Amino acid sequence: MSQSNTSVPAIRYRGAGVTYAGGVKALKGIDLDIPAGQFVVIVGSSGAGKSTLMRSVNGLIPLTEGTLEIAGQPMPDKPGRALRRLRADIGMVFQDFRLVKRLSVLDNVLIGRLAHVPTWRTITGLWPKAEVEIALEALERVGIVDKAYVKASQLSGGQQQRVGIARALAQRPKIILADEPVASLDPVTSHQVMQDLLRINRELGITTIVNLHFLDLARRYGQRIIGLRHGEMVYDGSGETVTDDQFREIYGRPPGDDDFLGGVA
Amino acid sequence: MIAPVRPKPRYAFWGGITLALVAMTAWSAKGVGVDFIGMVCNIGGGKRLLVESFPPDFGFLPRLFKPFLETLQIALIGSVIGGILAIPVAVLAARPVSPNGLVWFLDRNFMNVMRTLPDLFWAMLFATAVGFGPLAGALALTVFTVAVISKLFSESIEAIDTNLPEAICAAGGNWIEMVRFGALPQVWPQYASYLMYAFELNVRSSMVLGLVGAGGLGMILESQRSNFEYERVSLIILVVLVAVLAIEQLSGAIRRRLA
Amino acid sequence: MNAVVRPQAPRGGLATWATLAIAGLVLWSLWSIDASPERLLKLPEQMVRVLGFFWPADWGYGQTRALPAVLESIQIAWIGTLIGAALSISLAILGARTLFPRISRLVKFISSAIRSVPEILLALYLVPIVGLGPFAGALAIGIHSVGMLSKLGAEVIESIDMGTFEAVEAAGGSRLQAIRFAVLPQVLPEIMAQWLFRFELNLRASAILGVVGAGGVGGMLLTALRYRQFDKAAAVLLITILAVLLIDMASSAIRRRLVNS
């Protein structure tokens, strides 16, 4: 699953911005290159633009200014087949897991294969064997294949998030976006999930971007940390070197207890 | 200390409403020819009718078996096929999932128009188009069921959480897949309950559709009535009463389990 | 990579069997009523043909005959709903488990029985008694509505918080006073909304009753179709649709305001 073309960055923003209808500027002046295979953590207070930035990568929120290129290809500006194909290569993991509760774990992971299977097969549930195989492999990679036929609603939070990651993996993506993936989980499980993401990034070389709330997680897992404040990038460096001063710049205040998860992996 | 001021009730508004209601009632009563006194005076005629109708002719019961079955079949077909067809109609009429504004607008109005016609009207129309008999009844109830269920169902769909559909789109699903995996799973229990409700309504309707020639018990009812066989008419009405009560209890129990 | 063994795929499930059973019943029913593929294939053609007859509509007839008949249906529905509403209040109160636990089941059963008879059958019996015409229709609708409204009303009463009710009784008020001051104000808006919705439904019912001579537009449509006067039938249909649409819109607007107040 290695990137073939390592000279072209996986993601490139130039002068990118998002302005909402009321004039609110959620993002402004973003110039950012993310090389293929990098593990990036984005931090910032709520409303700083983390979610907006993440959703602009797969077009859930379109840019209103500037450009975005994914692996050298400009972002399609209209919904349609091109956008869907792009999204098929980008897996997304959500804070609230977003599984179909009444379906089995396996069916949920198969949703990751939607873009590769004809519609009539997906809506009737007649998935080809090869696709089921891919889904089971994804489940094995996150270590939860024994629950393949269990109804999603019967799993714990941490297990559901693993299924969410498996669903993203099943897409065989080039990029994985994780929007506050551990915000609903306890400390021990949070570390497990972060380690899963890191391991997937290292083993499969998938470019990974994670929005994080907790500073200690960011420092520990972020190969590269980007700090957003009021929609602008105010920090871009490695995880180890974020000092408390720089933190103040990103968050506009000194770090407090809420910013640390605690717990040991 | 200043005494609190009692807010003045909006006399104009409530007065207007009351006036409108009274006017409506007066106009209607005149048109209808409300005559309770006359009714009481005519009770003699009623008594005679009741005497002629009782006791119900239970010996006629075996002849009702086949029409009764036909009634249930008509109701079943109408409910299931109408229920299936109602799904796309409901989906397109739900703002968060409808593909575009024009489709939504057209579908919504189509739905509202379909809802205006009572079941017996559909039965009359279909009896004209395809001839008398249970097929007309089944078609009528199918259309009626689409009207009833699609309205209820589209309102349910409008209340869904849009996060899940967003996740399906993020994974690369198209519109149909977004609906199938993101929207519908959230509302299946409600759909099932609407289906049962429609079946209840349809059993009631199918009992009487035969009065206009659309099959089922209604046809035998009409033939007996025009022959003034009132003990048989009252038997049929009794059968209808028991059947509807039974289905209602059953349906209520199932819907409570689904909730 | 884990050496975990993959689990077995499960077979079937309640939902699957239920769906198959229902599908089977439907297919059997279709065969029973002689809905063969040939007949079904002829359907579109038959319907389009009939639809063609409906245009143009006879608007003159629409104004002179159909419109008054539709108005009559509205009047029937109104009076019927009024009768139903008035009579259902006491039954709704008596049928509320939270107010009258011992007799509420019986009362509920009675209202179930009343509403199990379709209005049109009630009308069948009322016409010989009160004569042909709209009064029979209004009575039939009124009686049927009592059944429906008292059940719905009882459900609303059962759903409210009984705290205020207990407070009034504790302060020495009689049961009747408690109902008047604690229960009714809470439930009135929703019950009135139910009356309005019932009016919408009764309008459709009253449109049908003409078929058995109980007034309104139904008989007119039946006759027009029977004698294949499709232009007149079209006028009847269109005016009915228009009237019901308008009343539906007005009624839902009022209902929304009632429920939000």
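In what order do the strands of the open sheet of six strands in chain A run? Select them and read across: β6-β7-β8-β3-β9-β10, with mixed pairing. Before going further, some housekeeping: this is a predicted model, where local features need pLDDT of at least 70 and side-chain atom pairs count only at pLDDT 80 or more, while totals for chains, interfaces and linings use all residues. Residues are numbered from 1 along each chain as its sequence is written, and chains are lettered from A and ligands numbered from 1 in the order in which they are written.

**Stop 1: the sheet of chain A**

Two terms first. Helices (H or I, at least four residues) and strands (E, at least two) are DSSP runs, numbered from the N terminus. Two strands pair if DSSP finds at least two bridges between them.

Next, select residues 175-179 and 207-211 of chain A. These are strands β7 and β8, paired in the parallel sense over five bridges. For a landmark, find A:A178, which stands opposite A:V210 in β8(A).

**Stop 2: helices across the sheet**

**Stop 3: a hairpin in chain A**

Go to residues 11-19 and 25-34 of chain A. Strands β1 and β2 pair there in the antiparallel sense over six bridges. The bridge partner of A:T19 in β2(A) is A:K25. The hairpin has five residues between its strands, and A:G23 takes a positive phi near 95°.

**Stop 4: chain B and its two partners**

Switch to chain B, which has eleven helices and zero strands. Its radius of gyration (taken over C-alpha atoms) is 25 Å, well over the 18 Å that the globule rule gives for 259 residues, so chain B is more spread out than a compact globule. That rule is 2.2 Å times the number of residues to the power 0.38. The C-alpha trace of chain B spans about 70 × 70 × 35 Å along its principal axes.

How many residues of chain B are in contact with chain A? The count is 16, facing 21 residues of chain A, where contact means C-beta atoms, placed from the backbone, within 7 Å. Show α8 (163-170) and α9 (175-209) of chain B: these are the elements giving two or more residues to that side. The largest share, seven residues, comes from α8(B). By class, this side of chain B has nine nonpolar, four polar and three charged residues. Here Ala, Val, Leu, Ile, Met, Phe, Trp, Tyr, Cys and Pro count as nonpolar, Asp, Glu, Lys and Arg as charged, and the others, Gly among them, as polar.

Now turn to chain C. This contact takes 48 residues from chain B and 49 from chain C. On the chain B side, α1(B) gives the most, with seven residues. That side divides into 31 nonpolar, twelve polar and five charged residues.

**Stop 5: chain C**

Hide the rest and keep chain C, with its ten helices and zero strands. A compact globule of 261 residues would have a radius of gyration near 18 Å, but chain C has 25 Å. Along its principal axes the C-alpha trace spans about 80 × 70 × 35 Å.

Helices α7 and α8 pack here at an angle of about 145°, their axes 9 Å apart. Show the side chains of C:T164, C:F165, C:V168 and C:E169 on α7(C), and of C:Q177, C:A178, C:F181, C:A182 and C:V183 on α8(C), which make the contact. Six of these residues are nonpolar, two polar and one charged.

How values were computed: Two residues are in contact if their C-beta atoms, placed from the backbone, lie within 7 Å. Axes are lines fitted to C-alpha atoms, for helices over the stretch in contact, and angles run from 0 to 180 degrees between N-to-C directions.
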